Amino acid sequence: MRISPLHFLPLLIGLAFAPTQAAQPIRAPVVVYRGPQAVAAAPYIQSLAQPRPQSDRRANTTPKPGVMPLESRLPLIPRQLRLGAPSVQRTRAPVKPFFIMGMDRASLDWLARTLPTLLSIHATGMVVQAANRGDWFRLKNTAQAAGLTLALYPDTGLKDAYGITTYPMLVVPPGILERDDAGEGGP
């Protein structure tokens, strides 16, 4: 049996191009977002690529550069929203009901009054104003024990997306908490 030189043609072509492919420089990363609040992803990717041993995870508490949880950056002060009269905003957007509040006395009183309604519609809370970690964790744990989910959230984007300028506010999609369902004045 005789092997034709054409059988070796794919192998020869592959070998001919191999050195040029290996010599290609690595491309620069693609920039997804560039702006004043942009944060490099490299520290996060590196930490995922190099897991620490179980014993080191809690011992090292020095913060790494990059995005830090909001809890570690308290106090959280709203920049676009201001405290106002509690209200309900209906939106056409297909969103899960959510509410915006601070940790001021007016917001906490509103939360206590509207808790049954918030639980019944499965609303999630965004806290846009918090003074310190101790008070935040107490509020978060108390809300969680009652069945309510709260998260710290900077107020950026709420004004543009929903036209919200004040808090506390409940945001609901169509069909939820209509006038006849709201009872006496609603939340």
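Which residues of H5 are buried? Before the answer, a word on the model itself: it is predicted, so to speak, from end to end, with residues numbered from 1 along each chain as its sequence is written. Local features need pLDDT of at least 70, side-chain atom pairs count only at pLDDT 80 or more, and totals for chains, interfaces and linings use all residues, while side-chain values use heavy atoms, with hydrogens and water left out.

In the overall picture, the protein has 7 helices and 5 strands; helices (H or I, at least four residues) and strands (E, at least two) are DSSP runs, numbered from the N terminus. Starting from that end, the elements run α-α-α-β-β-α-β-α-β-α-β-α. Of the 187 residues, 25% count as buried, where buried means under 20% relative accessible area, exposed means over 50%, and partly exposed is in between (1.4 Å probe, protein chains only). The protein exposes about 13,400 Å², and carbon and sulfur atoms supply 59% of that area; the areas come from the Shrake-Rupley method with a 1.4 Å probe, and for residues only the protein chains shown count as cover. Among contacts (heavy atoms within 4.5 Å) between residues at least 6 apart in sequence, 84% join residues at least 24 apart.

Now for helix H5 and the opening question: Trp136, Leu139 and Ala143 are the buried ones. They sit on the same side of H5, because they cover an arc of only 70° around the axis; the arc is that of the directions from the helix axis to the C-beta atoms. The face turned away from the buried side of H5 carries the exposed residues Arg138, Thr142, Gln144 and Ala145. And what covers the buried residues? Strand E2 (98-102), helix H4 (105-120), strand E3 (124-129) and strand E4 (149-152) are included in that cover.

At 1.5 Å a residue, its 14 residues (133-146) should span 20 Å, and the end C-alpha atoms are 20 Å apart, which agrees; the expected span is 1.5 Å times one less than the number of residues. At the start of H5, a side-chain oxygen of Asn132 reaches to within 3.2 Å of the backbone nitrogen of Gly134. After H5 comes Gly147, with a positive phi near 100°.

Strand E5 (residues 166-172) is mostly covered, with 7 of its 7 residues buried. Strand E1 (residues 82-90) runs parallel to E5 and is joined to it by 6 bridges, with Leu83 opposite Tyr167 in E5. E2 pairs with E5 in the antiparallel sense over 3 bridges, and here Phe99 stands opposite Leu170 in E5. Two strands pair if DSSP finds at least two bridges between them.

Gly102, in strand E2, is buried, with a relative accessible area of 0%. Its contacts, leaving aside neighbours within four places in sequence, are with Ser107, Leu108, Val127, Gln129 and Tyr167. The C-alpha atoms of Gly102 and Met126 are separated by 8.3 Å, although these residues are 24 apart along the chain. Thr91, in the loop between E1 and E2, is buried as well, with a relative accessible area of 13%. Not counting residues up to four places away in sequence, Thr91 touches Tyr162, Val171, Val172, Pro173 and Pro174.

Key. A polar contact is a pair of N or O atoms within 3.5 Å; within protein, one must be able to donate a hydrogen and the other to accept it, and residues adjacent in sequence count only if both atoms are side-chain atoms.
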